[in-house]
Amino acid sequence: MRKRALRIVSGLGGVVAILAITPSLGFAQDYVPTTQDYLNNLWVFMAGVLVFFMQAGFALVEAGLTRAKNVVNIFAKNMADAIVGILAFFATGFAFAFGGDGWFMGTEGFFLDGLDMAAIPEGGLSPATTFFFQAVFAATAVTIASGAMAERTKFTSYLIFSAVMCAFIYPVVVHWTWGGGLIADIQIGDAVFSDFAGSGIVHMAGGVAAFMGALFLGARIGKYDANGKPRAIPGHSIPFAILGVFILWFGWFGFNPGSELLADEFVMTVAVNTMLAAAAGGLFCTITIWIVAGKPDVAMIGNGVLAGLVAITAPCGAVTPLMATLIGAIGGIIVVFSVLFFDKVRIDDPVGAISVHGVVGAWGLLSIGLFSTYDDAFLGREDAGLFYGGGFDQLAVQALMLVIIVAWVGATTALLFGILKATIGLRVSAEEEIEGLDVLEHGLQGYAPDMAQTS
Amino acid sequence: MKLVTAVIKPFKLDDVKDALKAIGVAGITVEEVRGFGRQGGHTETYRGAEYKIDFVPKVSLSIVIADDVVDSVVDTIVSSAATGKIGDGKIWVTDVERLVRIRTGEEGADAI
């Protein structure tokens, strides 16, 4: 119950409010922020810095789980996601997401124009803080697809995808939810949507884009044998991959607790839920893959930890520590069978991004409808979960939200990848794929031997 | 002069090196190599999908020695590299036509 209305207006929605009240730059800052206001902004900034560092984690996971001949390309794509993503979100993304209160998308504040960046409203965040935090989230949403599309995507086409995703597709999802649009208007009984830090809005959206990318690209050469049986293409550096998992886990302590959007007593309960779910995801993924494949495959266990994190991202502000552990554990089990499933149906996802972010993101979104018991997540009521006597209303809203996000991101990315495939081409030539993308796309080897130099 | 080439299990390298130094061998060149013999490869799983490791990691030693110590060197490698399990490796001996120490220009037995 607490503070919901206040936070929606003063937090993310505060930008909308500021725009509505003062469309010009001449905003008179009558309110003198308190120490608490500064603390709020400082904490959300620090959390945003942690989220930004997740880019390094994504880059390492993806590079580690793919082959050495494509390592330059993987890092190039991850850099592009940060560079292009931030600029695209600055140019149009932020305006589409938060610049107005229409049902479809916002229309004001392109290039942050007209915003009084430094103005901190009472109990809320300045537009500068909000933009910083939202921009690093956008960069996260787009980088998810990079792993699923690894080792065969044309760099130019990837850049275009990255820009469109951050400039338009993802911001619309944000507007529909945190920005007060389509999904935020849905009410079934007393239930309204809830997605604390973005299991659905960020991760599932990224996962759906990843699925469409992998679908339109087709499998890597050599992934399936003559009988269509999936073959393993082991990654070239497990140390990279697992270091990446730890960096993502670390960054998630900004992703979820920062989404409290205040420095208050609930930040740490969110942090604890996040920590527990990641560990549980790792443990139950280990048990599952050990039973299924006979060995504790560490590349899969890394996915399990990330699955725990993705799963708890939506419900981390509404469930008890024990239920957070259970939600993470189920995420860790789901991810194993999901990876095996997509392998079998010939969707080649080298790093498991579709499973970790898409499938487990959907689970996280739905888990609110089952397990939520208190309200630090804009639910508007206590005990909204099915298992806490809240009935099916919350679950229904979450499911509807899931369908809307999947439909939107699925349709738009399918259109985008379809156009790219029909025009400039989405995939590199077979020769280039076999040779590796590094030299032919980027003119550089990831691990060039020193003896190749002449001096 | 003979070239003794031995392909052994990587973890046996230290034992073999110590045993050869003990009988007066002056130099060894090693390479990390991969291959298969009667041991064959093995099948593993990665992220739930199977893959075959046909070439197993081994260490290859190259040792140039005088003709009269060939037997003792080969025997020493056999005894120090053996585990009795499949995959212990092989040793073969070939003739060396010419040997030069680059620093001094010495040739033949003097260069060993």
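Author: A residue is called buried if 20 or more other C-beta atoms, placed from the backbone, lie within 10 Å of its own, exposed if 12 or fewer do, and partly exposed in between. The model is predicted, so that local features need pLDDT of at least 70 and side-chain atom pairs count only at pLDDT 80 or more, while totals for chains, interfaces and linings use all residues. Residues are numbered from 1 along each chain as written, and chains are lettered from A and ligands numbered from 1 in the order of writing.

By the burial criterion, A:Leu261 is buried because 25 C-beta neighbours lie inside 10 Å. A:Leu261 sits in the loop that joins α8 (238-258) to α9 of chain A (helices are DSSP runs of H or I with at least four residues, strands runs of E with at least two, numbered from the N terminus). Although A:Leu261 is not a glycine, its phi is positive, about 65 degrees. Most residues other than glycine have a negative phi. A:Asp383, likewise not a glycine, has a positive phi near 50 degrees. This residue belongs to the loop between α12 (353-371) and α13 (393-422) of chain A, and A:Asp383 is partly exposed because 16 other C-beta atoms lie within 10 Å.

The helix packing may be followed through two pairs. In chain A, the axes of α6 (residues 155-176) and α7 (residues 199-217) come within 10 Å and cross at roughly 130 degrees; axes are fitted to C-alpha atoms, for helices over the stretch in contact, and angles run from 0 to 180 degrees between N-to-C directions. α6(A) and α7(A) are therefore oblique to each other, given that angles under 35 degrees count as roughly parallel, over 145 as roughly antiparallel, 65 to 115 as roughly perpendicular and the rest as oblique. From α6(A), A:Met165, A:Tyr170, A:Val173 and A:Val174 meet A:Ile201, A:Ala205 and A:Ala209 of α7(A), contact being C-beta atoms, placed from the backbone, within 7 Å. The residues of this contact are 7 nonpolar, no polar and no charged; Ala, Val, Leu, Ile, Met, Phe, Trp, Tyr, Cys and Pro count as nonpolar, Asp, Glu, Lys and Arg as charged, and the others, Gly among them, as polar.

The second pair comprises α4 (residues 71-98) and α5 (residues 127-148) of chain A, whose axes come within 8 Å and cross at roughly 130 degrees. α4(A) and α5(A) are therefore oblique as well. Among the residues that meet here are A:Phe89, A:Gly93 and A:Phe94 of α4(A) and A:Ala138 and A:Val142 of α5(A). This contact has 11 nonpolar, 6 polar and 2 charged residues.

A:Tyr170 touches A:Gly93, A:Ala138, A:Ala141, A:Val142, A:Met165 and A:Ala205, residues up to four places away in sequence being left out.

The contact between the chains takes 15 residues from chain A and 7 residues from chain B. On the side of chain A, α9 (266-293), α10 (298-313) and α11 (321-344) each give two or more residues, and α11(A) has the largest share, 3 residues. That side divides into 9 nonpolar, 2 polar and 4 charged residues. In chain B, B:Tyr51 lies in strand β4 (residues 49-53). B:Tyr51 counts as partly exposed because it has 15 C-beta neighbours inside 10 Å. Leaving out residues up to four places away, B:Tyr51 touches A:Arg231, A:Ala232, A:Pro234, B:Glu44 and B:Tyr46.

Note on methods:
Contact = placed C-beta atoms within 7 Å.
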